[in-house]
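Let's take a walk through this fold, one stop at a time. Keep the viewer open and follow along.

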Amino acid sequence: MFGVKTLRTVGPAVCRRGASVLWKPTRTQSRTQSAAAGQRVDIGGIYPPIATPFTQKEDVDYQKLDENLQKYAKIPFKGLVVQGSNGEYPYLAEEERVEVVRRVRLALPTDKLVMAGSGCESTKATVVMTERMAGAGADLVLVVTPCFYKGMMDSRALVHHFTQVADSSPVPVVLYSVPANTGLDLPVDAVVRLAQHPNILGLKDSGGDITRIALIVHKTKPQDFQVLAGSAGFLMAAYSVGCVGGVCALANVLGREVCELEQLCVSGRWEEATALQQRLIEPNTAVTRKFGVPALKQAMEWFGYHGGTCRSPLQPLSEAESQQLRLDFSTNGWL
């Protein structure tokens, strides 16, 4: 499951359709690009977007992080997403973001991919952060849509942004659309254009609109573009329309179960997949859009991982919220 699968090869200089410049790989190449002479890496599989443990003083707790990583290494994940939304990346300083990625890459077995969140609000800052994440050992970068000026983030602006990042990135790029946090979807027409860039491998779509996801899969099929579901709540539906995997917050807690759902879908055992998917919907909703990162960290503690506190201004769950969270897991047979 963890081997590199060739999807298409990329030559030393490839002209992007609809663009006026050539894309050229830089001298600094990740193993995902260089190990197989430019072969395109298969990103299919399950990734937990890992949480960042903090001490009571809200410093990054690297010891607790390492203990979580030791447990995750034993689960058949394709890799980990580091410094995504569930890693509280907006609340970390630049040096902290890079150091967490460096520590994860050192601790994780080499057969598992590290996909590092490198998105910033400006294109220039994202280019710099992407280079730093690659230098810290990231195999791929996950780049979220800039959103502070979301009213002006139309297809033209976003295509320009992601193209500039991908042109300069020493590692492959995965686009990241998370409208619940950014307030905007990465437009389908922009995704279709960006899929033609040889250094953009795929998209993590967290919006949950299966018709949109199916359309993106359909329209980008000639580019071997790979789409990842952004949540365990619609993972089976995503597989049914051609997605290749998922970046699932719930996998931080029920990692083996989410991987089991993946295998049921891949092997076409849809009746069993349906039963498991249904039991995952409520707990997944609880640790995502209902209660968010504080709930994810609380659930991690119940299941033997280190979640710990969030960094302020995020607040812990109230007693009533914690009770509801436990109910969402227990009524589905997980606690």
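Start at Gln 263, which sits in helix H10; helices here are DSSP runs of H or I with at least four residues, strands are runs of E with at least two, and both are numbered from the N terminus. What you're looking at is a predicted model, so local features need pLDDT of at least 70 and side-chain atom pairs count only at pLDDT 80 or more, while totals for chains, interfaces and linings use all residues. Residues are numbered from 1 along each chain as its sequence is written, and side-chain values use heavy atoms, with hydrogens and water left out.

Back to Gln 263: its relative accessibility is 41%, so it counts as partly exposed. The cut-offs are under 20% relative accessible area for buried, over 50% for exposed, and partly exposed in between, with a 1.4 Å probe and protein chains only. Now find Ala 273. Gln 263 and Ala 273 are 10 residues apart in sequence, and their C-alpha atoms are 8.7 Å apart in space.

That brings us to a helix pair. Two packed helices are described by the angle between their axes and the distance between the axes. Helix H10 (residues 255-266) and helix H11 (residues 270-290) have axes that come within 8 Å and cross at roughly 150°. That angle makes H10 roughly antiparallel to H11. The axes are lines fitted to C-alpha atoms, for helices over the stretch in contact, and angles run from 0 to 180 degrees between N-to-C directions. Angles under 35 degrees count as roughly parallel, over 145 as roughly antiparallel, 65 to 115 as roughly perpendicular, and the rest as oblique. The crossing of H10 over H11 is left-handed, meaning the near helix is turned anticlockwise from the far one by less than a right angle; clockwise would be right-handed.

Which way does H2 pass H3? First the geometry: the axes of helix H2 (residues 62-72) and helix H3 (residues 94-107) come within 10 Å and cross at roughly 40°. H2 is therefore oblique to H3. As for the handedness, H2 passes H3 in a right-handed crossing.

Side chains of opposite charge can pair when their charged atoms come close. A salt bridge here is a side-chain nitrogen of Lys or Arg within 4 Å of a carboxyl oxygen of Asp or Glu, and a search of the whole structure turns up 13 of them. One of these joins Arg 132 and Glu 95, at 2.8 Å from N to O. Arg 132 belongs to helix H4 and Glu 95 to helix H3, so the pair ties together parts that are 37 residues apart in sequence. Arg 132 is partly exposed, at 27% relative accessible area. Glu 94 joins in too: Glu 94, Glu 95 and Arg 132 are linked in a network of salt bridges.

Another salt bridge links Glu 99 with Arg 102, with the closest N and O atoms 2.7 Å apart. These two are 3 residues apart in helix H3, so about one helical turn separates them. Over at Glu 272, the partner is Arg 269, with 2.9 Å between the closest N and O atoms. Glu 272 is partly exposed at 42% relative accessibility, and Arg 269 is partly exposed at 43%.

Next, some loops. Ser 118 lies between strand E5 (113-117) and helix H4 (123-135), and with 0% relative accessibility it counts as buried. Ser 118 and Glu 131 are 13 residues apart in sequence and 8.7 Å apart in space, C-alpha to C-alpha.

For contrast, look at Phe 148, in the loop between strand E6 (140-144) and helix H5 (155-168). Phe 148 is exposed, at 62% relative accessible area. Together with Tyr 149 and Met 152, Phe 148 forms a nonpolar surface patch with about 440 Å² of accessible area. Patches are made of residues with over 30% relative accessible area and no salt bridge, joining like charges within 9 Å and nonpolar side chains (Val, Leu, Ile, Met, Phe, Trp, Tyr) within 5 Å. Accessible areas come from the Shrake-Rupley method with a 1.4 Å probe, and for residues only the protein chains shown count as cover.

Last, the backbone. Most residues other than glycine have a negative phi, and most peptide bonds are trans. Glu 88 has a positive phi, near 60°; this buried residue, at 2% relative accessibility, is in the loop between strand E4 (79-82) and H3. A cis peptide bond joins Ser 312 and Pro 313, with omega about 20°.
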